[in-house]
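Hi,

Here is the structure I promised to pass on. Have a look at it first, then read my notes below with the model open next to you.

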Amino acid sequence: MDMAFCGIGIDRQEVYIANIVKCRPPQNRNPEKDEAIACMDYLRNQVMLVKPKIIVLLGSVALKNILGEEYGITASRGNWVEQKGIMYMPTWHPAALLRDDNKKIEFWNDLKEVKRKIEEIK
């Protein structure tokens, strides 16, 4: 992710990276619902301390756990969602880019939109 932010011109000092769960599930599988719920208070506290104006949601797990199960990554990616004064940009998880080269352009465009929004907010 550092290279993507650097490549788009987003200073790494402006970025805080957090995960839905705080430990890797066995075999690197997606976290189960109870695992995500167990870590959610910790994540909420991180967000309260950092006070982000923008959160980039990388992939379906992040999207569904933060914004809700009704969201799907394919339909949501690239579209801003505002909740409680925070702007969310859902996009592809970096692992998806390794599986499908076609997603790289969409991912890049989503990050360019994040960069544009950062400049707008400043």
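This is a predicted model: local features need pLDDT of at least 70, side-chain atom pairs count only at pLDDT 80 or more; totals for chains, interfaces and linings use all residues.

**What I found**

Let's start with a loop: Lys-51 sits in the stretch between helix H2 (33-50) and strand S1 (54-58). For background, most residues other than glycine have a negative phi. Is Lys-51 buried or exposed? Its relative accessibility is 65%, and since exposed means over 50%, Lys-51 counts as exposed.

Lys-84 is found in the loop between strand S2 (81-83) and strand S3 (86-91). Lys-84 is not a glycine either, yet it has a positive phi of about 50°. With 86% relative accessibility, Lys-84 counts as exposed.

The average pLDDT of the protein is 94, and 100% of the residues score at least 70. Among the elements, helix H1 (residues 2-8) has the lowest mean pLDDT, 83, while helix H4 (residues 73-76) has the highest, 98.

**The overall picture**

Now zoom out. The protein has six helices and three strands. Reading from the N terminus, the order of the elements is α-α-β-α-α-β-β-α-α. The radius of gyration is 14 Å, close to the 14 Å that the globule rule gives for 122 residues, so the protein is as compact as a globular protein of that length. If you draw a box along the principal axes, the C-alpha atoms fill roughly 35 × 35 × 25 Å.

A few totals go with that. Of the 122 residues, 34% are buried. The accessible surface is about 8000 Å², and carbon and sulfur atoms account for 53% of it. Take the contacts with a separation of 6 or more: 54% of them are between residues 24 or more positions apart.

**Inside the protein**

The largest nonpolar core has 30 residues, and the ones that touch the most other members are Ile-10, Ile-20, Leu-57 and Tyr-88. Which elements give two or more residues to this core? They are H1, H2, S1, helix H3 (60-66), S3, helix H5 (94-99) and H6.

Leaving out neighbours within four places in sequence, Leu-57 is in contact with Ala-62, Leu-63, Ile-66, Leu-67, Tyr-88, Met-89, Pro-90 and Thr-91. One of those partners, Tyr-88, is itself on the list of core residues that touch the most other members.

Then try Met-40, which lies in helix H2. Met-40 has a relative accessible area of 9%, and because buried means under 20%, Met-40 counts as buried. Again leaving out neighbours within four places in sequence, Met-40 is in contact with Ile-20, Asn-65 and Ile-66. For a sense of distance, Met-40 and Ala-75 are 35 residues apart in sequence and 24 Å apart in space, C-alpha to C-alpha.

**Charged pairs**

Side chains of opposite charge can pair when their charged atoms come close. How many salt bridges are there? The count comes to 14.

Glu-113 pairs with Arg-116, and their closest N and O atoms are 2.5 Å apart. These two residues are three apart in helix H6 (residues 103-121), so about one helical turn separates them. Both count as partly exposed: Glu-113 has 22% relative accessibility, and Arg-116 has 39%.

Arg-116 also forms a salt bridge with Glu-120, with 2.7 Å between the closest N and O atoms. Here the two residues are four apart in helix H6, about one turn of the helix.

Glu-120 in turn meets Lys-117 in a salt bridge of 3.4 Å, N to O. Since Glu-120 and Lys-117 are three residues apart in helix H6, they are separated by about one helical turn. Lys-117 is a charged residue to check by eye: at 11% relative accessibility, Lys-117 counts as buried. There is also a network to find, in which salt bridges that share partners join Glu-14, Lys-115, Glu-119 and Lys-122.

Conventions
Residues are numbered from 1 along each chain as its sequence is written. Side-chain values use heavy atoms; hydrogens and water are left out. Buried means under 20% relative accessible area, exposed over 50%, partly exposed in between (1.4 Å probe, protein chains only). A salt bridge is a side-chain nitrogen of Lys or Arg within 4 Å of a carboxyl oxygen of Asp or Glu. pLDDT is the predictor's confidence in each residue, from 0 to 100. A nonpolar core is a set of buried Ala, Val, Leu, Ile, Met, Phe, Trp, Tyr and Cys residues joined through side-chain atoms within 4.5 Å. Contact means heavy atoms within 4.5 Å. The radius of gyration is taken over C-alpha atoms; the globule rule is 2.2 Å times the number of residues to the power 0.38. Accessible areas come from the Shrake-Rupley method with a 1.4 Å probe; for residues, only the protein chains shown count as cover.
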